[in-house]
Amino acid sequence: MSPVKVFGHPMSTNVARVLLCLEEVGAEYELVTVDFLAGEHSSPQHVQRNPFGKIPAFQDGELVLFESRAIAKYILRKYRTADLDLLAESSGIEESAMVDVWTEVEAQQYYPAISPVVFECIIFPVMRGAATNQIVVDESLDRLRGVLGVYEARLEKSRYLAGDSVSFADLNHFPFTFYFMATPYASLFDEFPKVKAWWEGLMARPAVQRVCKNMPTEF
Amino acid sequence: MSAPVTVYGPAISPAVARVAACLLEKDVPFQLQPVDMSKGEHKSPSFLKLQPFGQVPAFKDHLTTVFESRAICRYICDQYSDRGNRTLLGREEDGAVGRAAIEQWIESEAQAFNPPSLAIAFQLTFAPLMGRATDMAVVEQNQAKLAKVLDVYEQRLAESQYFAGDEFTLADLVHMPNTEILASKTETAGLITERKNLSRWWDEISGRPSWKKVVELQSVPRPSKS
């Protein structure tokens with residue numbers, strides 16, 4: 001098999017989402033840099049791959065995909081083995097539905113609460129020299145506290161979000177949480193011991209460690 | 001047929017309508033269980049057991065409970081695979097490639113289309129129902145964001161009959177509840193009608209019997225508990 005290609009930049013949260021899945025399944029891949037600071041994501045060539053002009057885009061032979069979660073699921077399906085089934089698709093329909101539920105929860109509940117903090121504290125200042133909007137940060141932290149309360153209750157009953165085994169649902173939380181931990185608000189997680197332990201477990205995964213190497217913690 | 005499928009929440013909720021549309025496409029009988037949100041029923045301990053974030057919909061069948069409308073839709077397609085429309089998640093012969101083509105547009109709906117269109121829908125439909133004033137500044141800001149997404153969609157639907165290819169799939173279905181609201185409001189109908197391919201797509205899919213049934217369900221007066 002020729003290596004699959006990821007178009008993007010390793011610092012990008014959504015690119016990291018895809019790279020983590022590739023690392024977890026041990027696939028051979030090539031990261032083709034898209035210089036978003038130079039506007040390369042808006043170039044006609046890139047827009048052909050991602051019509052929204054965003055990163056990542058992905059190519060496997062003739063297949064071209066965009067949207068990091070769709071790309072990630074394709075990768076996890078393609079490289080699935082009996083021992084490595086991060087979508088729990090061979091476990092049964094109800095089990096894979098739980099992975100899907102908590103994957104949707106990341107997208108619909110967790111991400112909208114945590115991402116504004118990352119955008120305001122890191123991404124906007126670094127990319128635009130913008131000042132942090134503390135009102136947005138404070139509202140988001142309140143919202144995140146509520147979400148983490150639900151997660152804490154969930155992780156009291158379940159070793160990982162979707163069940164007893166780690167899954168795509170857990171891995172999805174890596175990119176934005178990683179950067180959140182580099183903001184002044186990391187200690188929020190101390191209020192939720194089960195969540196904190198779950199996060200530390202994810203960070204200890206070899207694949208996560210490999211992806212982290214290309215993601216800065218100092219800005 | 002075992003115990004009926006239950007969907008918790010009002011049909012006018014876009015996320016509930018998304019699930020209802022999928023069940024109707026799949027020809028899976030279900031009952032809609034009202035959740036009186038004006039009385040805070042969605043935050044009651046018994047409802048939180050079904051949906052820990054206190055939101056609608058929740059879904060229950062004889063095997064399990066599921067929440068998050070897009071996860072419910074995928075579950076319905078998997079669990080009831082032999083019923084109704086069998087190609088909502090792609091044709092078996094197209095495998096992971098065909099599935100991925102659908103998934104990228106489902107994600108596009110969730111990430112790009114839903115936030116601005118839901119914000120508009122909330123202001124124009126739900127705020128008045130809750131006795132709140134419509135914030136037209138929010139509507140206008142989100143119309144501008146949505147227009148950019150719809151331009152991408154217009155281009156896509158020029159190249160392709162439906163989002164993922166030649167057939168109606170879940171990628172189209174997930175867009176339907178918010179599009180119905182946009183198309184029905186004078187403030188926003190132009191977003192659809194002024195785009196030739198988007199109009200064609202919407203005219204076609206909104207004519208599906210399953211969607212007509214959803215619209216019917218949405219117009220049933222809500223039971224009042226007094």
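In the predicted model, L37(A) is situated in the loop that runs between β2 (29–33) and α2 (44–49) of chain A. L37(A) has a relative accessible area of 67% and is therefore exposed, the cut-off for this class being over 50%. Together with M11(A), V126(A), M127(A) and F219(A), L37(A) makes a nonpolar surface patch of about 500 Å².

F219(A) is also the end of a recorded region: an unreviewed UniProt entry carries the annotation "domain: GST C-terminal" for residues 92–219 of chain A. Over residues 92–219, chain A is 70% helix and 0% strand.

Strands of chain A form an open sheet of four, in the order β2-β1-β3-β4 and with mixed pairing. The edge positions are taken by β2 and β4 (63–66) of chain A; each has a single partner strand, so one side of each is left without a neighbour in the sheet. On average, neighbouring strands of this sheet are turned by 20 degrees against each other, direction ignored. Within the sheet, β1 (residues 4–8) and β3 (residues 57–60) of chain A run antiparallel and are joined by three bridges. V6(A) has F58(A) in β3(A) as its bridge partner.

Cis peptide bonds were found in both chains. In chain A, such a bond joins I55(A) and P56(A), with omega about 5 degrees. P56(A) belongs to the loop between α2 and β3 of chain A. In chain B, a cis peptide bond joins V56(B) and P57(B), again with omega about 5 degrees. P57(B) is placed in the loop between α2 (45–50) and β3 (58–60) of chain B.

Most residues other than glycine have a negative phi, and most peptide bonds are trans. E67(A), although not a glycine, has a positive phi of about 75 degrees. This residue, E67(A), lies in the loop between β4 and α3 (68–78) of chain A. With a relative accessible area of 14%, E67(A) is buried, since buried means under 20%. In chain B, E68(B) likewise is not a glycine and has a positive phi of about 75 degrees. E68(B) is found between β4 (65–67) and α3 (69–79) of chain B, in the loop that links them. The relative accessibility of E68(B) is 7%, so E68(B) also counts as buried.

Helix α7 (residues 176–184) of chain B is mostly covered, with seven of its nine residues buried. The buried residues of α7(B) are M176(B), P177(B), N178(B), T179(B), E180(B), I181(B) and L182(B).

Key. Residues numbered from 1 in each chain as written. Chains lettered and ligands numbered in written order. Predicted model: local features only at pLDDT ≥ 70, side-chain atom pairs only at ≥ 80, totals over all residues. Heavy atoms only, no water. Patch = residues over 30% accessible without salt bridge, like charges linked within 9 Å, V, L, I, M, F, W, Y side chains within 5 Å. Areas by Shrake-Rupley, 256 points an atom, 1.4 Å probe, with all protein chains shown as cover. Salt bridge = Lys/Arg side-chain N within 4 Å of Asp/Glu carboxyl O. Helix = DSSP H or I, 4+ residues; strand = E, 2+ residues; numbered from the N terminus. Buried < 20%, exposed > 50% of the residue type's maximum accessible area, 1.4 Å probe, protein only. UniProt positions renumbered as here; feature names shortened; annotations may be inferred. Pairing = 2+ DSSP bridges. Axes fitted to C-alpha atoms, helices over the stretch in contact; angles between N-to-C directions.
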